Amino acid sequence: MLAILRFFIVIISCILICLLGSLYSLLHFRNPNNVSVIARWFGRLHKFFGLKTEYRFNPKNPQTPAIYIGNHQNNYDMVTISYMVRPRTVSVGKKSLAWIPFFGLLYWASGNIFLDRNNRNKAHSTMNALSQRIHQDNLSIWMFPEGTRSRGRGLLPFKTGAFHSAISAGVPIIPVVCSTTQGRVKLNRWNNGRVICEELDPIDVSAYKRENVRDLAQHCHAIMEKRIAELDAEIASAEQAEK
């Protein structure tokens with residue numbers, strides 16, 4: 001019964017956010033702040049899933065443009081890690097998102113960038129254009145470098161697009177991690193525990209060139225993988241202490 005109630009509440013809330021967010025975004029058409037505003041709206045839905053979410057923003061991070069990279073676990077990302085999107089930050093998403101009812105219009109109007117993964121030339125052009133937009137529009141970019149949801153398979157290998165863009169633009173990479181949610185959320189349970197989302201320290205890319213972009217990707221992967229494991233251990237320890 002609780003799962004059914006949650007399902008309807010969340011569906012109605014998401015549709016309302018998409019409709020109101022689309023209207024807001026059309027009134028502030030493709031304004032770089034749209035995404036962070038609407039991401040916070042979605043982020044507040046975590047309570048409907050019985051989650052207690054803690055957000056740790058890093059005061060060391062620059063207020064200048066950067067490439068933000070996050071771990072992409074499942075659909076719960078919309079109500080957890082999405083809250084971490086900073087002002088003047090837009091995301092890069094696959095072109096098929098445009099066809100999702102209600103959400104597609106919101107994603108386009110709020111100023112996000114579509115990537116055609118089926119066309120390598122267009123995808124390359126899009127990634128190359130990002131470095132120009134970052135400086136011209138004073139933008140930060142949010143990307144999920146795994147390219148797909150991991151669904152409990154751990155942090156998947158990273159694609160290199162985000163790292164090429166960071167090197168080309170000469171901006172730091174800021175990893176954002178979310179503790180594991182896969183398998184922890186049961187819709188018929190009132191309390192589904194604690195989730196921690198955390199910004200890590202910025203990573204300087206000035207020592208990297210296009211030739212060793214994979215080294216940069218692997219370096220970021222190792223940092224994020226280690227921190228996710230630490231957050232999971234922190235949550236497990238706290239839960240054990242509460243018993």
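Start with the whole chain of this predicted model: 49% of the 243 residues of the protein count as buried. The accessible surface comes to about 12,600 Å², and 59% of that belongs to carbon and sulfur atoms.

Switch to a cartoon view. The protein has 6 helices and 7 strands, and from the N terminus on the elements run α-α-β-β-β-α-β-α-β-α-β-β-α. The radius of gyration is 18 Å, close to the 18 Å that the globule rule gives for 243 residues, so the protein is as compact as a globular protein of that length. Along the principal axes, the C-alpha atoms fill a box of roughly 50 × 40 × 35 Å. Of the contacts with a separation of 6 or more, 76% are between residues 24 or more positions apart.

Next, select Ile67, Ile69, Ile141, Phe163, Ile173 and Leu216. These are the residues with the most contacts inside the largest nonpolar core, which has 62 residues.

Now centre on Ile69. Leaving aside residues up to four places away in sequence, Ile69 touches Met143, Pro145, Phe158, Ala162, Phe163, Ile173, Ile174, Pro175, Val176, Cys220 and Met224.

Terms used: Residues numbered from 1 in each chain as written. Predicted model: local features only at pLDDT ≥ 70, side-chain atom pairs only at ≥ 80, totals over all residues. Heavy atoms only, no water. Helix = DSSP H or I, 4+ residues; strand = E, 2+ residues; numbered from the N terminus. Rg over C-alpha atoms; globule rule 2.2 N^0.38 Å. Buried < 20%, exposed > 50% of the residue type's maximum accessible area, 1.4 Å probe, protein only. Contact = heavy atoms within 4.5 Å. Areas by Shrake-Rupley, 256 points an atom, 1.4 Å probe, with all protein chains shown as cover. Core = buried A, V, L, I, M, F, W, Y, C linked by side-chain atoms within 4.5 Å.
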